[in-house]
Amino acid sequence: MSEIDLGALLATGLAFFIVAVSPGPATLSNATIAMSHGRTASLVYGAGLSCGLIFWGLIAASGMGAILQSSIYLLSALKVVGGLYLLWLAYLSARSAWTQAPGGPVVVHQQKWFIKGLLLNVSNPKSVVAWMAALSIGLNPDDGFWAIAAATTVCIVVGFLANALYSVLFSMEGMMRAYQYCKRWISGAVAGLFAFAGMGLIRSALSR
């Protein structure tokens, strides 16, 4: 078994943390759920997001990520599906921005939050690119199974921690109170981001 470079693992984990906490559809939706529905719902949603990242991480670590990147038609089809899903989320966020929910927030069962988070990241094939970039920082072409497994595990743990961090920070009382005052504007901004990301995925698929 080849020796595992702890410095390389640290670099991989740091790179993946930067990717995981960067503003995007997943992190912004998690923050919105934390502010609107509380910490528990957001933690469950974040767990779904993290499991979606695991899906793409296993694809990247197994070498299938490179194959997917070279398969124009398959990647384009995945991008179209992911783009349409993001546009659907944009519609839901826009509807939330312009309608008043009678009697408080809509109650959603915890398992549904998990599925929503899982679907969001599984439907985004760009995640495999982020994984490949992070893994390439700490891995060499001649690294064996255990080095790849260790780097992948570090990234998985970092993904869970990053999503949990969003859940904890944005479910604080001050954040939730501010959300109630600015709900319409925040939901509108989230809708715009989802629409922009969805159209970007579809445009990327059709431009190949």
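Trainee: How much space lies in the second largest pocket?
Mentor: About 510 Å³ in this predicted model.

Trainee: Which residues are closest to its centre?
Mentor: Of the 23 residues lining that pocket, Gly24, Pro25, Ala26, Asn124 and Ser127 are the closest to the centre.

Trainee: And which elements give two or more residues to the lining?
Mentor: Those are H1, helix H2 (25-37), helix H6 (110-122), H7, H8 and helix H9 (173-206). H7 gives the largest share, with four residues.

Trainee: How does that lining divide into nonpolar, polar and charged?
Mentor: There are 13 nonpolar residues, nine polar and one charged.

Trainee: Okay, stepping back. How many helices and strands does the protein come to?
Mentor: Nine helices and zero strands. Read along the sequence, the pattern is α-α-α-α-α-α-α-α-α.

Trainee: What share of the contacts is between residues 24 or more positions apart?
Mentor: Counting contacts with a separation of 6 or more, 86% of them join residues 24 or more positions apart. As for burial, 40% of the 208 residues are buried.

Trainee: Let's talk about the inside, then. Which residues touch the most other members of the largest nonpolar core?
Mentor: Phe16, Trp131 and Leu135, in a core of 17 residues. At least two residues of this core come from each of H1, helix H3 (39-61), helix H7 (126-138) and helix H8 (145-170). The largest share is from H8, which supplies five residues.

Trainee: What is Phe16 in contact with?
Mentor: Leaving aside neighbours within four places in sequence, Phe16 contacts Leu53, Trp131, Ala134, Cys155, Val158 and Gly159. There is also a second, separate core of 15 residues, and Ile33, Val190, Phe194 and Leu201 are among them.

Trainee: Switching to Thr12. Is that one buried or exposed?
Mentor: Thr12 counts as buried because its relative accessibility is 0%, and the cut-off for buried is under 20%. Thr12 sits in helix H1 (residues 6-21).

Trainee: What does Thr12 touch?
Mentor: Not counting residues up to four places away in sequence, Thr12 touches Ala134, Leu135, Ile137, Gly138, Ala151 and Cys155.

Trainee: And Leu49, where is that?
Mentor: Leu49 is in helix H3 and counts as buried, at 0% relative accessibility. Beyond neighbours within four places in sequence, Leu49 contacts Ala26, Asn30, Gly117, Leu118, Leu120, Asn121 and Asn163.

Trainee: How far apart are Leu49 and Thr27 in space?
Mentor: They are 9.0 Å apart, C-alpha to C-alpha, and 22 residues apart in sequence.

Trainee: Now Tyr166. Buried or exposed?
Mentor: Tyr166, in helix H8, is buried, with a relative accessible area of 14%.

Trainee: Which residues does Tyr166 touch?
Mentor: Val21, Thr27, Asn30, Ala31 and Ala34, not counting residues up to four places away in sequence. Tyr166 and Ala34 are 132 residues apart in sequence, and their C-alpha atoms are 7.8 Å apart in space.

Trainee: Last topic, confidence. What pLDDT does the protein average?
Mentor: The average is 82, and 88% of the residues score at least 70.

How values were computed:
Residues numbered from 1 in each chain as written. Predicted model: local features only at pLDDT ≥ 70, side-chain atom pairs only at ≥ 80, totals over all residues. Heavy atoms only, no water. Buried < 20%, exposed > 50% of the residue type's maximum accessible area, 1.4 Å probe, protein only. Contact = heavy atoms within 4.5 Å. Core = buried A, V, L, I, M, F, W, Y, C linked by side-chain atoms within 4.5 Å. pLDDT = per-residue confidence, 0-100. 1 Å grid on protein atoms, 1.4 Å probe; cavity = no way out; pocket = protein on both sides within 12 Å on 5 of 7 lines; lining within 4 Å. Points joined across faces, edges and corners; volume = space filled by probe spheres on them. Nonpolar A, V, L, I, M, F, W, Y, C, P; charged D, E, K, R; others polar.
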